[in-house]
Amino acid sequence: MRKCFSITTATMSKISVPSDNAAGPVPAVLFGDPSKTKRGVVVLQEWWGLNQQIQDEAKQIAEEGTFVTIVPDLYRGKLATDNEAAGHLMGNLDWPGAVKDIEGCVRYLKEKGCKKVGVTGFCMGGALSLASAALVKEVDAAAPFYGIPGADLADVSKIKVPVQCHFGDSDEVAGFSDPPSQKALQEKLKAGKVNFEFFSYPGCKHAFTNSTSANFNKDAFTLALKRVVEFFQKNL
C-alpha cells in the first residue's frame, strides 16, 4: 500500500477537541493529515500522561499505517515521572469523563474526513481502549495493550467491533493485566461472541512496548506494532 506521508513528513499539531467531559474540551496532539488518509486512530497514554514517549509512539503508528493519529491529554497538562505520582494521577482520573474525551476525539477525526476510527492504548490507555470499544458507538475497532477496565466502567462482552489484544505472559499487575486477568478477559469476550484476537508475548512483562521502561522488549514491540498496523488497515 502506498503511503501518503513518510516518516520524515508526518506533521504534529496541537489541538483542542470538544468533549462532553465536565472538565470541558480536551487538549490533544494530532499526527498526520486527514486530507491524505481516511483512517484515524486514537492513541491513549499510559498512566504517565501525555509525555514524549506516547507522542513518539502515536507518530510511529501514523507513519507506518498511513493513519491520522490523535492523542488526547486525559490529565489536561499534568505529567508524572515516578510511579507514586502516576498512581495518584491515574487514581484521580474521572474514567467516565476520559471515555467522553475519547468519544470527542473519535468524532473530531470523523468530522475531519476519516471514514473509520480505531482506538489503541497502553496500560491505563489499554483499559480505556476496551472501555471505549464497549461504550462509544463511533469506535470501529480497538487494539488494547496490557490493561483491562473494571466491570463498573464497561462490560467488555458488549463490544460489537473487532478487537486485537496484546499482553505479556509475565505481566505482574494483579487484577489489571496479569495472566489470571487476561484469562478472565478472554472468557468475557468469548461469552459475548466478540470478534477478537488475543496475543500473548512470551517472557514479556507490563509495559513491554514502552522504550523508556525497564521491561521494554524491542522484538515484541516490533511484532506487536506490525500486528496493530495490519489490524487497523484491515478494519478501518
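**Pockets, a cavity and the strands around them**

The largest pocket is lined by 14 residues, and Trp-47, Trp-48, Asn-83, His-206 and Ala-207 are those nearest its centre. The model is a predicted one, in which local features need pLDDT of at least 70 and side-chain atom pairs count only at pLDDT 80 or more, while totals for chains, interfaces and linings use all residues. Residues are numbered from 1 along each chain as its sequence is written, and side-chain values use heavy atoms, with hydrogens and water left out.

Confidence was examined through pLDDT, the predictor's confidence in each residue, from 0 to 100. The protein chain has a mean pLDDT of 95. A value of 70 or more is reached by 96% of its residues. Residues 1-8 stay under 50. For that stretch the model has 19 contacts beyond four places in sequence, a contact being heavy atoms within 4.5 Å.

A cavity is a set of points where a 1.4 Å probe fits but cannot get out. A pocket is an open set with protein on both sides within 12 Å along at least five of seven lines. Lining residues have an atom within 4 Å of a point. Grid points are joined across faces, edges and corners, and a volume is the space filled by probe spheres set on the points.

The largest pocket holds about 290 Å³ of space. Its lining has 7 nonpolar, 6 polar and 1 charged residues. In this scheme Ala, Val, Leu, Ile, Met, Phe, Trp, Tyr, Cys and Pro count as nonpolar; Asp, Glu, Lys and Arg count as charged; the others, Gly among them, count as polar. Ala-207 is one of the residues nearest the pocket centre. Ala-207 sits in the loop between strand E8 (196-201) and helix H6. Helices (H or I, at least four residues) and strands (E, at least two) are DSSP runs, numbered from the N terminus. The phi of Ala-207 is positive, near 65°, in a residue other than glycine. Most residues other than glycine have a negative phi. Ala-207 counts as buried, at 8% relative accessibility. Buried means under 20% relative accessible area, exposed over 50%, and partly exposed in between (1.4 Å probe, protein chains only).

The second largest pocket has a volume of about 200 Å³. Its lining comprises 6 nonpolar, 2 polar and 3 charged residues. Leu-74, Arg-76, Leu-93 and Ala-98 are among them. Both Leu-74 and Arg-76 lie in the loop between strand E4 (68-72) and helix H2 (83-91). Arg-76 is not a glycine, yet has a positive phi of about 55°. Arg-76 is partly exposed, with a relative accessible area of 26%. Leu-74 is buried, with a relative accessible area of 5%. Beyond its neighbours within four places in sequence, Leu-74 is in contact with Leu-44, Gln-45, Leu-93, Ala-98, Asp-101, Met-124 and Leu-128. Leu-74 and Met-90 are 16 residues apart in sequence, and their C-alpha atoms are 9.7 Å apart.

The search of the whole structure finds 1 cavity of 30 Å³ or more. The largest cavity contains about 50 Å³ of space. Its lining is made up of Glu-57, Ile-61, Thr-120, Phe-122, Phe-145, Thr-209, Phe-221, Ala-224, Leu-225 and Val-228. These divide into 7 nonpolar, 2 polar and 1 charged. Helix H1 (52-65), strand E5 (116-122) and helix H6 (218-235) each supply at least two lining residues. H6 gives the largest share, 4 residues.

Strand E5 is largely enclosed by the rest of the structure, because 6 of its 7 residues are buried. Two strands pair if DSSP finds at least two bridges between them. E5 runs parallel to strand E3 (residues 39-44), with 6 bridges joining them. Here Val-43 stands opposite Thr-120 in E5, and Thr-120 also lines the largest cavity. E5 is joined to strand E6 (residues 141-145) by 5 bridges, again parallel. Val-119 has Ala-142 in E6 as its bridge partner.

Antiparallel pairing involves strand E2 (residues 26-31). E2 is mostly covered, with 5 of its 6 residues buried. Strand E1 (residues 12-17) pairs with E2 over 6 bridges in the antiparallel sense. Ser-16 stands opposite Pro-27 in E2. E2 also pairs with E4, antiparallel, over 4 bridges. In that pairing Phe-31 stands opposite Thr-69 in E4.
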